[in-house]
Amino acid sequence: PEKADTAKAIAQIILSRRLDQLSRAANTKVLGGQAINDELFGLGSSFGALMVVKDGDWQNALSATEQQLRSAAAHGFTKSEVEEAIALLANAYRNAASQVNSRQSVQLAEQLSVAAHKKTIVQNPADTLAMFEGFVPDLTVDVVNAAFREAWGTGANTIHITTKTPL
């Protein structure tokens, strides 16, 4: 991992957790939510949010999503949110390192395909973990907040709504 990409991943984890919390509110029509960070074939990246709601409640979900995005942009993330997201990533990297000898061929093939497309190499999970642990001290709240704001940028927003019935 690279430090800048990891800071964006931490912001993505935090925003995903915030969006998913909306599904646990009393009488909610939100079924789940997550933040998405897509690399677009080496041409750029797209950072977005996905919300799944019960039929017909897309307007409330859109409003709730916008509130979470505005809050994150205006106020950033908390130290405890950043620490929790770092712990989740560290756990994932530790698990990958401990399971290196039991990877399935399809997982390795996927990693090789992605690496070839990105013109990178597949790294041993233990090395990835060591690299991550090396720059964890630099992943401060300010760094993660800056990565989030950079990922969202100031460009135009696009809203894609899919429903069973015409709008």
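The legends below describe close-up views of a predicted model.

**Figure 1. Overview of the protein chain in the predicted model.**
The protein chain contains six helices and two strands. Read from the N terminus, its elements follow the order α-β-β-α-α-α-α-α. Along the principal axes, the C-alpha atoms occupy a box of roughly 50 × 35 × 35 Å. The chain has 167 residues, of which 29% are buried. Where contacts join residues at least 6 apart in sequence, 67% of them are between residues at least 24 apart.

**Figure 2. The largest nonpolar core.**
In soluble globular proteins, nonpolar side chains tend to be buried together. Here the largest nonpolar core has 30 residues, and Ile10, Phe77 and Phe132 touch the most other members. Two or more residues of this core come from each of α1 (3-21), β1 (30-39), β2, α2 (58-75), α3 (79-98), α5 and α6. Helix α3 gives the largest share, seven residues.

**Figure 3. Packing of α1 against α3.**
Two packed helices are described by the angle between their axes and the distance between the axes. For α1 and α3, the angle is about 110° and the axes are 9 Å apart. Helix α1 is therefore roughly perpendicular to α3, because angles of 65 to 115 degrees count as roughly perpendicular. On the α1 side, the residues in contact are Thr6, Ala9, Ile10, Ile13, Ile14, Arg17 and Arg18. They meet Glu81, Val82, Glu84, Ala85, Ile86, Leu88 and Leu89 in α3. Ile10, named here in α1, is also one of the core residues that touch the most other members.

**Figure 4. Packing of α3 against α5.**
The axes of α3 and α5 come within 8 Å, and the crossing angle is roughly 155°. Angles over 145 degrees count as roughly antiparallel, so α3 and α5 are roughly antiparallel to each other. Their crossing is left-handed. Helix α3 contributes Ile86, Leu89, Ala90, Tyr93, Arg94, Ala96 and Ala97 to the contact. The residues they meet in α5 are Pro125, Ala126, Thr128, Leu129, Phe132 and Glu133.

**Figure 5. Phe132 and Phe135 in helix α5.**
Phe132 and Phe135 lie three residues apart in helix α5 (residues 125-135), so about one helical turn separates them. Both Phe132 and Phe135 are buried. Phe132 also takes part in the contact with α3.

**Figure 6. Aromatic pairs, with the Phe47 and Trp152 rings.**
The structure has six aromatic pairs. In one of them, the rings of Phe47 and Trp152 are 5.4 Å apart, centre to centre, with 85° between the planes, and the pair is edge-to-face. This pair connects distant parts of the chain: Phe47 is in strand β2 (residues 45-53) and Trp152 is in helix α6 (residues 141-152), 105 residues apart. Phe47 has a relative accessibility of 10%, and it counts as buried because this is under 20%. The pair of Phe132 and Phe135 is likewise edge-to-face, because its ring centres are 6.3 Å apart and its planes stand at 75°. Ring pairs also link Phe47, Phe77, Phe148 and Trp152 into a cluster. Within this cluster, Phe77 is among the core residues that touch the most other members.

**Figure 7. Packing of α2 against α6.**
The axes of α2 and α6 come within 9 Å and cross at roughly 125°. At that angle α2 is oblique to α6. The crossing of α2 past α6 is left-handed. Leu69, Ala72, Ala73, Ala74 and His75 are the α2 residues in this contact, and they meet Phe148, Arg149 and Trp152 in α6. Phe148 and Trp152 also belong to the aromatic cluster.

**Figure 8. Gly76 in the loop between α2 and α3.**
Gly76 sits in the loop that joins α2 and α3. Its relative accessible area is 5%, so Gly76 is buried. Apart from neighbours within four places in sequence, Gly76 contacts Arg18, Ser71, Asn145 and Arg149. Of these, Arg18 is in α1 and Arg149 is in α6.

**Figure 9. Asn27 in the loop between α1 and β1.**
Most residues other than glycine have a negative phi, and most peptide bonds are trans. Asn27 is not a glycine, yet its phi is positive, near 55°. The residue is found in the loop between α1 and β1. With a relative accessible area of 79%, Asn27 is exposed.

How values were computed
Residues numbered from 1 in each chain as written. Predicted model: local features only at pLDDT ≥ 70, side-chain atom pairs only at ≥ 80, totals over all residues. Heavy atoms only, no water. Phe/Tyr/Trp six-rings, centres within 6.5 Å; stacked < 30°, edge-to-face > 60°. Helix = DSSP H or I, 4+ residues; strand = E, 2+ residues; numbered from the N terminus. Buried < 20%, exposed > 50% of the residue type's maximum accessible area, 1.4 Å probe, protein only. Core = buried A, V, L, I, M, F, W, Y, C linked by side-chain atoms within 4.5 Å. Axes fitted to C-alpha atoms, helices over the stretch in contact; angles between N-to-C directions. Parallel < 35°, antiparallel > 145°, perpendicular 65-115°, else oblique. Left-handed = near helix turned anticlockwise from the far one by under 90°. Contact = heavy atoms within 4.5 Å.
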